[in-house]
Amino acid sequence: MDWMPPRRDVRLTLDRGRWVSLSGNTPRPPPQASLKSGDVAPSAFTINQPDTHMPFLGAHMPAAGGLHLVFERIAQVGGHAVQLFTRNQRQWAAPDITDAEADAFAAAWKAWGQPHVFSHGAYLINPASPDDVLWRRSRDALGRELLRCARLNIRWVVLHPGAHKGRGATTGIARAAGCLDAAFEQAGTVAESVGVLLENTAGSGTALGADPEELGMIIAASKFPDRLGVCWDSCHGFAAGHDPRDQAEWNRVISRLDQAVGLDRLHLIHLNDSKTALGSRVDRHEHIDQGQIGLPGFATILNDPRLAHLPMVLETPKEKDLKEDIRNLNVLRGLLNGAPPVA
Ligand SMILES: [Zn+2]
Ligand SMILES: [Zn+2]
């Protein structure tokens, strides 16, 4: 495979002399200034600050002990983008956000340098479900998630498009779009600033969204296309046969995304290596460079000028001390700035 040297000379969107992110998330200064001495500050944190040509690297963070704690945690690993579950991701029931929670969240967001923030929807939600009871539960759960995000000022909820369970992709796509629309309507104007990012999937079983075209069809079938975007997961994509290790192949993936969805709708990248082989259709996240995608694949993604403005977060396993995130982020940062991949 040919590894192309990264290009850093392409500017994406400049508005009156000021960099404007296509994701609608204006890049903010890094949280470096908020770090107090004694906080863990990996060396790379001060070396490779994101600029207008670099993605905003970060990680999914546990919200144990309080939603606001994700900001301290992402700063500890030197991240500039964070994803969280605003509730228990494996249960239907979820409490509303209290005033105290919302206040603490806003204060910590500001205090820790205003990183990009994304919510990940609960795993139980299946918008494409052929079962009316599950479909309504999914609608209600998504509607409440939109309200929680509105309360927390979070712009996007990441959601798996769901599984059609044997009814076929066409039916599943229509069900999924209908569920999204119903959730938007249910949440009402209070949550009108909150949108949904449909995440590509590994395509196991009857899961929708293994290809850009299916994501695009859901968006096209929705009454609220302006509130829909896409999150691309490198591990899911790899398992579904989309290979970033080969520059020409990756270019085809991005072209398909652009055609089917529009790159202006791509707002987030999940950076996970894959335990499983290309096209395996099995989703198993692995630490960066310990899976089958490897450094050349991540170098291609990280240095793609079409993605240089985007937040990119890890969803890899971690212990309480977050040292795995620090390591993974350092490996990723080492691929920026034209550093060649380690053989
Ligand atoms: Zn993901
Ligand atoms: Zn996954």
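Helices (H or I, at least four residues) and strands (E, at least two) are DSSP runs, numbered from the N terminus. By that rule, the protein chain has 10 helices and 12 strands. This is a predicted model: local features need pLDDT of at least 70, side-chain atom pairs count only at pLDDT 80 or more, and totals for chains, interfaces and linings use all residues. Residues are numbered from 1 along each chain as its sequence is written, while chains are lettered from A and ligands numbered from 1 in the order in which they are written.

**Confidence**
- pLDDT is the predictor's confidence in each residue, from 0 to 100.
- Its mean over the protein chain is 87, and 83% of the residues reach 70 or more.
- Residues 1-50 have pLDDT below 50, yet this stretch has 78 contacts in the model beyond near neighbours in sequence.
- Where pLDDT is low, the predicted coordinates should not be read in detail.

**Whole chain**
- A residue is buried if 20 or more other C-beta atoms lie within 10 Å of its own, exposed if 12 or fewer, and partly exposed in between; C-beta atoms are placed from the backbone.
- Of the 343 residues in the protein chain, 49% count as buried.
- Two residues are in contact if their C-beta atoms, placed from the backbone, lie within 7 Å.
- Among contacts with a separation of 6 or more, 77% come from residues 24 or more positions apart.

- S5 spans residues 116-120, and five of its five residues are buried.
- His116, Phe118 and His120 point one way from S5, while Val117 and Ser119 point the other way.
- Two strands pair if DSSP finds at least two bridges between them.
- S5 pairs with S4 (residues 81-84) in the parallel sense, over four bridges. Here His116 of S5 is the bridge partner of Ala81.
- S5 also runs parallel to S6 (residues 156-159), joined by two bridges. Ser119 has Val157 in S6 as its bridge partner.

**Crossovers**
- A crossover is right-handed if, with the strands pointing away from the viewer, the path from the first strand over the helix to the second runs clockwise.
- S4, helix H3 (residues 99-111) and S5 form a right-handed β-α-β unit.
- S5, helix H4 (residues 132-152) and S6 form a right-handed β-α-β unit.

**Cys179**
- Cys179 sits in helix H5, residues 169-187.
- Cys179 is buried because 27 other C-beta atoms lie within 10 Å.
- Beyond neighbours within four places in sequence, Cys179 contacts Pro127, Trp135, Ser138 and Arg139.
- Arg137 is 42 residues from Cys179 in sequence but 9.8 Å away in space, C-alpha to C-alpha.
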